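The sequence and model come first.

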Amino acid sequence: MTAAMGVFAIEDALVKAASAMMPVGQILIIFGLGGALVFACLARLGKAPLFSREVVSRPMLVRMVFEIVGRLFYVLAIALIPLSTATVILQATPLVVVAGATVIFGEKVGWRRLTAILVGLAGVLIILQPGTEGFSMLSVLAVIGMIGFAGRDLASRAAPRSLATSVLGLYGFLSVAVAGVLFAIWQGAAFVPITGEAALILSGAVLAGVGAYACLMKAMRTGEVSAVTPFRYTRLLFGIGFGILFFGERLSFSMLIGSGLIVASGLVILWRSRSQRAPK
């Protein structure tokens, strides 16, 4: 999970750089098809069938819908708001995942972890600053993307075990391409010629996305949801660092406070998960 978060942050930075060169819909289509091609090759090398009845199972269809929502709105967020802000908001994903796991998978969440979830969500509100002059509706894009990713992760755990990680990646990236097509039709922006620099950036984003996606799916499918998801918070460090280093972003006081609450809540959830699994 930690490796996935670090490489996802690299992907985010590359996608944000590409958004200054071409429309978001075009980026999503190229990114999605490129990742799908890589995962299709990996699936064939592993002798996994590219299509089976399980691919159109209910968990997989739900997963694809959440993938489309998560990818589309998060890419819009990192294109329109500071990378550090979008990254921090995304860190609420574990809170939503753990809360969802209690309802869908029956995982037990005591009052301490429930309190931690509420504190973390309060941190998101502090960052968003609704009702104040500092509030931006564009930040809501990151919130919707975060909810989409949480739904995808939960659906990934419910996906048939017979499906290889490479097959999950294949259909996940195809969903990204579908999101790009839908947004391109809605936006109506003309596609632009791909320069050598843009091609290099997108190729790096695809490779980073494939590597991170594989690590994420492995973590979500083999580990206890409430135990592995807190390690998502390492993405906060990577994302903020890249935002400051490459895009000249600055952290506000509210973002620092909100980030602290989100990270603290994640650490509490991790601590409680470990203590409950420890032998008595």
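One cavity of 30 Å³ or more is counted. A cavity here is a set of points on a 1 Å grid over the protein atoms alone where a 1.4 Å probe fits but cannot get out. The model is predicted: local features need pLDDT of at least 70, side-chain atom pairs count only at pLDDT 80 or more, and totals for chains, interfaces and linings use all residues. Residues are numbered from 1 along each chain as its sequence is written, and side-chain values use heavy atoms, with hydrogens and water left out.

**Cavity and pocket**

The largest cavity holds about 120 Å³ of space. It is lined by 15 residues, and F8, R71, Y74, F149 and R235 are the closest to its centre. Lining residues have an atom within 4 Å of a point. At least two lining residues come from each of α1 (2-18), α3 and α7.

A pocket, in contrast, is an open set of points with protein on both sides within 12 Å along at least five of seven lines. For both kinds of space, grid points are joined across faces, edges and corners, and the volume is the space filled by probe spheres set on the points. Nearest the centre of the largest pocket are V62, F66, I104, G151 and L154. The elements giving two or more residues to this pocket's lining are α3 (58-80), α5 (93-104) and α7 (139-158). Helices are DSSP runs of H or I with at least four residues, numbered from the N terminus.

**Helix α6**

Helix α6 (residues 111-128) has 18 residues and should span 26 Å at 1.5 Å a residue, which agrees with the 26 Å between its end C-alpha atoms. The expected span is 1.5 Å times one less than the number of residues. Its buried residues (under 20% relative accessible area, 1.4 Å probe, protein chains only) are R113, A116, I117, G120, G123, V124, I127 and L128. Seen down the axis of α6, these buried residues fall within an arc of 140°, so they line one face of the helix; the arc is taken from the directions from the helix axis to the C-beta atoms. W111 and L118, on the other side of α6, are exposed, a term for over 50% relative accessible area, with partly exposed in between. Q129 follows α6 and has a positive phi, near 55°.

**Cysteines**

Zero disulfides are counted, a disulfide being a pair of cysteine sulfur atoms within 2.5 Å. The sulfur of C41 has its closest cysteine sulfur in C215, 19 Å away, which is too far for a bond. C41 is partly exposed, at 43% relative accessible area. C215 is also partly exposed, at 32%.

**G188**

G188 sits in the loop between α8 (165-187) and α9 (196-222). Its relative accessibility is 61%, so G188 counts as exposed. G188 and P23 are 165 residues apart in sequence, while their C-alpha atoms are 9.8 Å apart in space.
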